[in-house]
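Student: I would like to learn how to read a few features of a protein model. Could you take me through them one at a time?

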Amino acid sequence: MTDLVPVKRALISLSDKSGLDRLAEGLARRGVELVSTGGTAAKLRELGSDVRDISDLTGFPEMMDGRVKTLHPKVHGGLLGVRDNPEHAAAMEEHAIAPIDLVVVNLYPFEATVARGADRDEIIENIDIGGPSMVRSAAKNHAHVAIVTDPADYDELLAELDANDGATSYEFRKRLAAKAYALTAAYDATISQWFAFADQRERFPETWTRASRLLMPLRYGENPHQKAALYEPIGPHAPGIAQAKQIQGKELSYNNLNDANAALELVAEFRDGPPTVVIVKHANPCGVASADTLLDAWNAALACDSVSAFGGIVATNRTLDAATAEAITQIFTEVVVAPDADEDARAIFARKKNLRLLLAGGLPDPRRPGGTVAVIAGGILVQDRDNGFVTRDELKVVTRRQPTEDEIRDCLFAWTVAKHVKSNAIVYAKDGSTAGIGAGQMNRRDSARIAAAKAKEAAETYGWPEQRTVGSAVASDAFFPFADGLLAAVEAGATAVIQPGGSIRDDEVIAAADEAGLAMVFTGMRHFRH
């Protein structure tokens, strides 16, 4: 193997013909013979290039609607032949197989065809066979062949030829080969996912392959000694925090993105509701409120737990305005996420150069299907997204006292927030605002007490006559296994309870609620979040 391989013959077969003009001109300048297929050959001639048809090289016409054109020994022999292997060289000479030094290929647009809703027959026709075969052959023999699969690499290819008097270097070919195999792997993964999920309607296929592309490296992971990066799935996927546009601020960290995602997912629950603000800290909401204006919602959300809000993540369901931006910048905030921000709001945020402003362009659908993935030692856990929800009509009143309309609204608000709080989760809510949030405790009673303690601290901070848990509704993400958690909510002043039900001690808990004069509703659905 030699380091530099002169490019004398190139095989070009493109679905995406962008940049072909500059590529053809650069290769022609080097006197490279061009061999090409159907539409690409026609485009090259239109550009004024001399081109040899693939059928002239193989001695066979393109046939079967183009399905068979490059699957031929004179193509793959020219790609796979090891030039400095005497047996390979003799076979090439015996069978008149000419070496191919450069392959420029991109693949049929399978993903785009699926995305635009094509019918099954058209989708199948857009599964490329010859293209990936040429890519893999050329990449395997990168010791002698350069494989280019991305129009973005044309300029680098031409610069490589200029730097090496019409040749490519081994390091360059190795790098292209790695990119080529990543392409074919992702392409096949996308096809296999379509067959499994869309065509065969499998929920958990026997083999599940997923492909992702790097969006950006991150400074570090959860801690500085951990490396991290952000990827997005290749293939159909819902947009979210990974696609948000960063307008300003420091580089995003792993924790920033994780927390911002939690905030965006929660505020999306209110995308069709009144102006709403979510404040998140360490992936848990510490304040959520809906109001007539974003500014009022911000003030109410902040009042729930102003201590935890310091250094937090803020998300809104409306375009940010100047008044809300001004209020947010009064405390230290790591990230602000919103569908958009007006010019005045952007100017205000710009005064805080480290604050990261992310504009998502919209909010994800909280009811969308999909799955979540968690890596464990020796395996991968896969489950459906928690897109479950309950409506007012689905609530089952289990106490003697019926809840009032205000209590029902607060119950549903608290229940929506509790879905996004780490278990064990307790959320008190009143008048469209969280009054206290208890997250991630090992027992439900402690979560109820922590949430109440936060409400008491807020009342002391703001000089309220009583804490906002008084007269509130309380949500529990799972059933109360004992009455003690419910009694802790009673002590905090809650008057209504929403919980899944289903405990063997439901009767005991219902009796405790009746004795305290509470109204309680069951949802029949839990929202564990680990």
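Predicted model: local features only at pLDDT ≥ 70, side-chain atom pairs only at ≥ 80, totals over all residues.

Student: In which sense do S22 and S23 pair, parallel or antiparallel, and over how many bridges?

Tutor: Strand S22, which covers residues 496-499, pairs with S23 in the parallel sense, and four bridges join the two strands. As one example of residues facing each other there, Val497 stands opposite Met520 in S23.

Student: Which way do the residues of S23 point, and are they buried or exposed?

Tutor: The general idea is that in a regular strand the side chains alternate between the two faces of the sheet. In S23, residues 519-522, Ala519 and Val521 point one way while Met520 and Phe522 point the other way, and all of them are buried.

Student: How should I read the packing of two helices?

Tutor: Two packed helices are described by the angle between their axes together with the distance between those axes. Helix H18 (residues 483-492) and helix H19 (residues 506-516) pack at an angle of about 20 degrees, and their axes are 9 Å apart. Angles under 35 degrees count as roughly parallel, and H18 and H19 are therefore roughly parallel to each other. Their crossing is right-handed.

Student: Which residues of H18 and H19 meet?

Tutor: From H18 come Ala483, Leu486, Leu487 and Val490, and they meet Glu508, Val509, Ala512, Ala513 and Ala516 of H19.

Student: What are the angle and the axis distance for H1 and H9?

Tutor: Helix H1 (residues 20-29) packs with helix H9 (residues 154-163) at an angle of about 10 degrees, with the axes 10 Å apart, and these helices are therefore roughly parallel to each other as well. In their contact, Leu20, Arg22, Leu23, Gly26, Leu27 and Arg29 of H1 meet Tyr154, Asp155, Leu157, Leu158, Leu161 and Asp162 of H9, a set that divides into seven nonpolar, one polar and four charged residues.

Student: Where does Asp340 lie, and what does Asp340 touch?

Tutor: Asp340 lies in the loop between strand S14 (333-338) and helix H15 (343-350), and with a relative accessible area of 32% Asp340 is partly exposed. Leaving aside residues up to four places away in sequence, Asp340 touches Arg318, Thr319, Leu320, Arg346 and Leu359. The C-alpha atoms of Asp340 and Asp321 are separated by 9.3 Å, although the two residues are 19 residues apart along the chain.

Technical notes: Residues numbered from 1 in each chain as written. Heavy atoms only, no water. Axes fitted to C-alpha atoms, helices over the stretch in contact; angles between N-to-C directions. Parallel < 35°, antiparallel > 145°, perpendicular 65-115°, else oblique. Left-handed = near helix turned anticlockwise from the far one by under 90°. Contact = heavy atoms within 4.5 Å. Buried < 20%, exposed > 50% of the residue type's maximum accessible area, 1.4 Å probe, protein only. Pairing = 2+ DSSP bridges. Nonpolar A, V, L, I, M, F, W, Y, C, P; charged D, E, K, R; others polar.
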